[in-house]
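User: I have a model open and would like to go through some of its details. Shall we start with the strands?

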Amino acid sequence: MNDLLSRFNKAFESKARLNIMSVLMVNDVMSFNDLKDLLALTDGNLATHLRALEESGYIAVEKQFVGRKPKTTYRATEAGRTAFTDHLNVLEAFIRNM
Amino acid sequence: MNESREHLQTLSDIRSMMERSSRFLSLSGLSGVSAGVIALAGAAVVYMRVGLSSYSGSYYGSVGNSVSRSAADQFFVTVAVVVLIAALLSGVFFTVRKARRQGQSVWNQTSRRLLWAMLVPLAAGGIFCLVLLLHNLIWLVFPGTLIFYGLALLSGSRYTVRDVESLGYCEVGLGLLALFFPGYNLLTWAVGFGVLHIVYGLTMYYKYERSPA
């Protein structure tokens with residue numbers, strides 16, 4: 001059991017980060033604003049979680065300008081997809097073992 | 001045990017987040033019902049004015065007076081356009097209301113995707129049917145609108161509740177069937193846009209919206 005616990009991915013401990021990854025698994029690209037709407041988080045809060053995921057290498061950030069407005073979009077990296085899938089597998093194994 | 005429940009909760013959160021971010025789920029069943037009722041009313045108005053058989057394939061052979069024919073066509077097209085606009089407005093109204101109640105925005109990535117997926121078949125169908133009208137092939141407009149509308153629903157169903165797919169298949173099937181029975185055009189139209197919408201809308205309403213008392 002402890003073995004399983006140690007395999008839980010620390011990056012996904014927070015619910016917000018888990019939600020962000022869930023969204024990016026099924027949507028190729030999401031803008032900052034779409035994510036904010038969907039997750040009902042504040043700008044600062046969302047930005048912090050996104051930065052943490054970016055630092056783990058799980059999501060990639062792209063900034064461009066639409067007219068004069070900056071638009072930031074996010075996508076899951078291959079490493080992020082693998083890590084998320086592993087995390088789900090551990091969750092599943094954990095529930096089966098209970 | 002408690003921990004297990006927590007993990008199950010996490011899994012269901014993930015699942016709902018995936019659904020919510022990739023599908024537009026605020027589509028209201030009531031908008032289907034209202035669109036159906038409006039369509040039935042429109043069909044009734046046309047029926048009272050020109051009768052059931054007017055838009056059959058034999059129509060052009062049996063009616064000699066071309067003036068009354070084009071007047072009837074014009075009347076029919078006017079009613080159809082009014083029905084379309086009224087149905088769209090009521091549909092938007094109920095969907096916006098549902099989205100507000102769910103505390104979600106109506107204009108987001110999923111609704112944009114849904115509209116775009118439906119727009120291409122609808123625009124193609126609209127142009128196709130306008131050209132049919134230009135060529136005086138009005139009896140073909142009835143199956144044509146049903147088929148293209150059904151295709152638009154099938155295309156859009158990937159971005160909203162899955163039940164829309166069944167409605168799409170029904171509309172396409174009915175449209176194809178209507179091609180073989182041109183004498184019943186007004187009837188198939190009333191069934192396709194009226195009855196099917198009401199059945200679908202009520203199903204949706206009882207399945208997703210009416211909170212279990």
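User: Which residue of S3(A) does A:Lys63 stand opposite?
Analyst: In this predicted model, A:Lys63 faces A:Thr72 of S3(A). Strands here are DSSP E runs of at least two residues, helices are H or I runs of at least four, and both are numbered from the N terminus.

User: How many bridges join S2(A) and S3(A)?
Analyst: Strand S2 (residues 59-66) of chain A pairs with S3(A) in the antiparallel sense over eight bridges; pairing requires at least two DSSP bridges between the strands. The hairpin formed by S2(A) and S3(A) has two residues between the strands, and A:Gly67 in the turn has a positive phi of about 65 degrees.

User: Now chain B. Is B:Thr160 buried or exposed?
Analyst: B:Thr160 is buried because its relative accessibility is 1%; buried means under 20% relative accessible area, exposed over 50% and partly exposed in between, with a 1.4 Å probe and protein chains only. B:Thr160 sits in the loop between helix H6 (138-156) and helix H7 (163-180) of chain B.

User: What does B:Thr160 contact, leaving aside neighbours within four places in sequence?
Analyst: Its contacts (heavy atoms within 4.5 Å) are B:Arg23, B:Phe24, B:Leu27 and B:Leu114. A polar atom of the B:Thr160 side chain lies 2.7 Å from the backbone oxygen of B:Phe24.

Technical notes. Residues are numbered from 1 along each chain as its sequence is written. Chains are lettered from A and ligands numbered from 1 in the order in which they are written. This is a predicted model: local features need pLDDT of at least 70, side-chain atom pairs count only at pLDDT 80 or more; totals for chains, interfaces and linings use all residues. Side-chain values use heavy atoms; hydrogens and water are left out. A polar contact is a pair of N or O atoms within 3.5 Å; within protein, one must be able to donate a hydrogen and the other to accept it, and residues adjacent in sequence count only if both atoms are side-chain atoms.
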